[in-house]
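Trainee: I would like to go through this structure and ask what stands behind each label.
Mentor: Go ahead; we will set the values against the cut-offs.

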Amino acid sequence: MSDYILNKDYFIAVIEDLIIMSEEKKEYFIQLDSAIGDGDHGMNLSIGFREVNKNLEAWKSEDINTIFKNVGTALLDKVGGAAGPLYGGFFMKFGLPVKGKDEVTFDEFIEMMESGVAIIEKRGKAVVGDATMVCTLRPAVDALKKAYHDDGLSPKEAMKMAMEVGAQGSDSTVPLIAKKGRAMRLGERAIGHRDPGSASSAAMLEVFYKHMP
Amino acid sequence: MTGVIIVSHSEKLAEGLRDIVMEMNDGSVEVIAAGGADGGRIGTNTLKIKAAIESLAKCDHILIFVDLGSAVLCSETAIEMLDDDIQEKVHIVDAPLVEGVVGGVVQATICDDLDQIIETAKEGATLRKVC
């Protein structure tokens, strides 16, 4: 599997599909966030990725890290809620392990995922069980590492595993009392609601899987 | 010299609070309203906060007052993005927004002692309005 390569075309396809996903799921994220938060998660992501869409063509000649840094900065600027620094941070750190490169190995891809998720954990000061994006992303990245390194799954199978574990992680937020964000103030009223950040994170993992060769 | 940044989800709230406190400011404290998300929407904007901090770089200390959740997260992110020498000067004050800003700015017109200014701002949390 050492000759498995993810090239820039893959990452650009992912970004293009994240733009589409953020429009398609906008109403869904708004509904989730309206139930327990301020209702702006869907609109925020859509505005953020529209800004990415406006500029993506001009960024395509850059290396992978620079493209994702630009994506992150756009989200940081345009996304109004906590998702701005969180997803902004994710994409700004995502390409750091492969600075200057136009293609990456699957080991490097795993490092990129870890780097992105780590900044979300650090900035959000959240752990699994707090009913946030981390409930999706941390188990997903851990599953990705285990599936590829320990269980010998192919990159695509490993990413599928990560996507499925991430979706289960998002499901796990439904019965939880939220420990972060505005939903925290609701106490038990948050029980029975899916965390919107965990849902958008799961949708992003799906996009990363879908385009993987 | 002390610099103060007001970070609210509402641009109007941040500006309105700045108006209130400027009545008591003799001009010795720089106060910047950095409220609202991009385009005046409700929310907070990391890059706006970062620009506010940078514009106060000449101040000895810079105090950030915040309203709700992501105001803290965005402020922390903005600080992280700056050089170490500016970072050291910036403090997010754990105080109620209105009482904290008023108390902090007034104290900063009286003295230049960082601990005293922060202490006064924090006292806003226990200030009784109705006796």
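**Labels and their grounds**

Mentor: To start in chain A of this predicted model, the buried residues of H8(A) pack against helix H6 (106-124), helix H7 (133-150) and helix H9 (196-210) of chain A.

Trainee: Which residues of H8(A) are buried?

Mentor: Pro155(A), Ala158(A), Met159(A), Lys160(A), Ala162(A), Met163(A), Val165(A), Gly166(A), Gly169(A) and Ser170(A) are buried. The label requires 20 or more other C-beta atoms within 10 Å of the residue's own.

Trainee: What makes H5(A) largely enclosed by the rest of the structure?

Mentor: Twelve of the twelve residues of H5(A) are buried, so the helix is largely enclosed. Among them are Gly84(A), Tyr87(A), Phe91(A) and Lys93(A). As for its length, H5(A) reaches 16 Å from its first C-alpha to its last, close to the 16 Å expected.

Trainee: What does the contact between the chains consist of?

Mentor: Chain A gives 13 residues and chain B gives 15 residues. On the side of chain A that touches chain B, helix H4 (64-78) and helix H5 (83-94) of chain A are the elements that give two or more residues. The residues of that side divide into three nonpolar, five polar and five charged. In this division Gly counts as polar.

Trainee: Turning to chain B, what is the order of the strands in the open sheet, and is the pairing parallel or antiparallel?

Mentor: The four strands stand in the order E2-E1-E3-E4 (chain B), and the pairing is parallel.

Trainee: Why are strand E2 (29-33) and strand E4 (90-93) of chain B said to stand at the edges?

Mentor: Each has a single partner strand, so one side of each is left without a neighbour in the sheet. Neighbouring strands of this sheet are turned by 20° against each other on average, direction ignored.

Trainee: How do you know that E1(B) pairs with E2(B) and with E3(B)?

Mentor: A pair needs at least two bridges. Five bridges join strand E1 (residues 2-7) of chain B to E2(B), and six bridges join E1(B) to E3(B); both counts therefore meet the requirement. On the E2(B) side, Thr2(B) stands opposite Val29(B) and Gly3(B) opposite Glu30(B). In E3(B), the bridge partner of Val7(B) is Val66(B).

Trainee: What makes E1(B) covered on both faces?

Mentor: Thr2(B), Val4(B) and Ile6(B) on one side and Gly3(B), Ile5(B) and Val7(B) on the other are all buried. In a regular strand the side chains alternate between the two faces of the sheet. E2(B) is mostly covered too, with four of its five residues buried.

Trainee: Why is the crossover from E1(B) to E2(B) called right-handed?

Mentor: The chain crosses from E1(B) through H1(B) to E2(B). With the strands pointing away from the viewer, a right-handed path runs clockwise, and this β-α-β crossover is right-handed. Helix H1 (residues 11-22) of chain B lies across E1 and E2 of chain B, at about 160° to E2(B). Helix H5 (residues 97-110) of chain B also packs on the sheet, touching E1, E2, strand E3 (61-66) and E4 of chain B, and its direction makes about 170° with that of E1(B).

Trainee: What covers the buried residues of H5(B)?

Mentor: The cover includes E1, H1, E2, E3, E4 and helix H6 (114-123) of chain B. Val101(B), Gly104(B) and Val105(B) are among the buried residues of H5(B).

Trainee: Pro96(B) lies in the loop between E4 and H5 of chain B. Why is Pro96(B) called partly exposed?

Mentor: Pro96(B) has 19 other C-beta atoms within 10 Å. Buried requires 20 or more and exposed 12 or fewer, so a count of 19 falls in between. Leaving aside its neighbours within four places in sequence, Pro96(B) is in contact with Gly124(B) and Ala125(B).

Conventions. Residues are numbered from 1 along each chain as its sequence is written. Chains are lettered from A and ligands numbered from 1 in the order in which they are written. This is a predicted model: local features need pLDDT of at least 70, side-chain atom pairs count only at pLDDT 80 or more; totals for chains, interfaces and linings use all residues. Two residues are in contact if their C-beta atoms, placed from the backbone, lie within 7 Å. Axes are lines fitted to C-alpha atoms, for helices over the stretch in contact, and angles run from 0 to 180 degrees between N-to-C directions. The expected span of a helix is 1.5 Å times one less than its number of residues.
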